[in-house]
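The entries follow in the order in which I went through them.

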Amino acid sequence: KFPEVSMAQAKEKAFEHRRSIQENGVAPRQRQKRATVKEADVRKQCIDDIVSQHFHDRLQTLKEKRTNKEPTKAIQRLSNLYERFAQPVIGQLPPSDIRNSHIIQILTETVYSATTRTRTKAMLSHLIMWCVTKGLINPDENRVDWRLINSLTPECTSTEQHHASIAISDIPRLVRMAME
């Protein structure tokens, strides 16, 4: 209003707004409203809403780096791991709500296979890091502590055992024993 703001100050403010619109194509108030709406949309998104974008970005990274012979198959395997183990636990959570207890619960389901657990852990780690880089998780508020998770996750109980090697001359005797 006039007594509080001089005519020169009002003209300067109007000039700044015009310049801002020319540079950004959006009025400052509109830009502020859009940012607020965008932040609200990000907060509403759950992991299931963004995981396909994560896997798409991961596929592009693998293709660019050319470190994987069949990147499409690798991403399909990761997607299957997500659907089987992670989705029931964290699928409906916003990325910022993922906690150590969720990760431990997911990894406990993979107690029968060390390979599956390692792959699941890598998939979850990449997903969380991707969420941080996309601004979906505040890095200062990231509540996932892998050292703690590793110490609290039960050991794998895989029963894979290998037989001792034998000399070639003992193979007939081994076959006879297997036949009995």
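**Entry 1, salt bridges.** I began with Glu 70, which forms a salt bridge with Lys 73, the closest N and O atoms being 3.2 Å apart; the term stands for a side-chain nitrogen of Lys or Arg within 4 Å of a carboxyl oxygen of Asp or Glu. Glu 70 has 40% relative accessibility and therefore counts as partly exposed, on a scale where buried means under 20% relative accessible area, exposed over 50% and partly exposed in between, with a 1.4 Å probe and protein chains only.

I noted before going on that this is a predicted model, in which local features need pLDDT of at least 70 and side-chain atom pairs count only at pLDDT 80 or more, while totals for chains, interfaces and linings use all residues. Residues are numbered from 1 along each chain as its sequence is written, and side-chain values use heavy atoms, with hydrogens and water left out.

How many salt bridges does the structure hold? I found three. Another of them joins Asp 57 to Lys 134, with the closest N and O atoms 3.8 Å apart. This pair links distant parts of the chain, since Asp 57 sits in helix H3 and Lys 134 in the loop between H6 and H7, 77 residues apart. Lys 134 is partly exposed, at 49% relative accessibility. I also listed Asp 170 and Arg 173, whose side chains meet in a salt bridge at 3.9 Å, N to O; Asp 170 is partly exposed at 28% relative accessibility, and Arg 173 is partly exposed at 45%.

I counted eight helices and zero strands in the protein chain, taking helices (H or I, at least four residues) and strands (E, at least two) as DSSP runs numbered from the N terminus. Of its 180 residues, 27% count as buried. Among the contacts with a separation of 6 or more, residues 24 or more positions apart account for 63%, where contact means heavy atoms within 4.5 Å.

The buried residues of H6 include Arg 117, Met 123, Leu 127 and Trp 130. Which helices do the buried residues of H6 pack against? They pack against H3 (47-65), H4 (71-90), H5 (100-108) and H7 (146-152).

I read off an angle of about 75° for H4 and H6, with their axes 10 Å apart; axes are lines fitted to C-alpha atoms, for helices over the stretch in contact, and angles run from 0 to 180 degrees between N-to-C directions. The two helices are therefore roughly perpendicular to each other, the word used for 65 to 115 degrees, whereas angles under 35 count as roughly parallel, over 145 as roughly antiparallel and the rest as oblique. On the H4 side the contact includes Leu 78, Tyr 82 and Phe 85, and on the H6 side Thr 120, Met 123 and Leu 124 are among the residues that make it.

I listed the buried residues of H5 as Asn 100, His 102, Ile 103, Ile 104, Ile 106 and Leu 107. What covers these buried residues includes H4, H6 and H7.

Just after H6, Gly 135 takes a positive phi of about 80°. In the loop between H3 and H4 I looked up Arg 66, whose phi is near 55°, a positive value in a residue other than glycine. Most residues other than glycine have a negative phi. Is Arg 66 buried or exposed? Arg 66 is exposed, with a relative accessible area of 74%.

Asn 142 touches Ile 128, Val 132 and Ile 137, not counting residues up to four places away in sequence. Asn 142 and Arg 99 are 43 residues apart in sequence and 8.4 Å apart in space, C-alpha to C-alpha.
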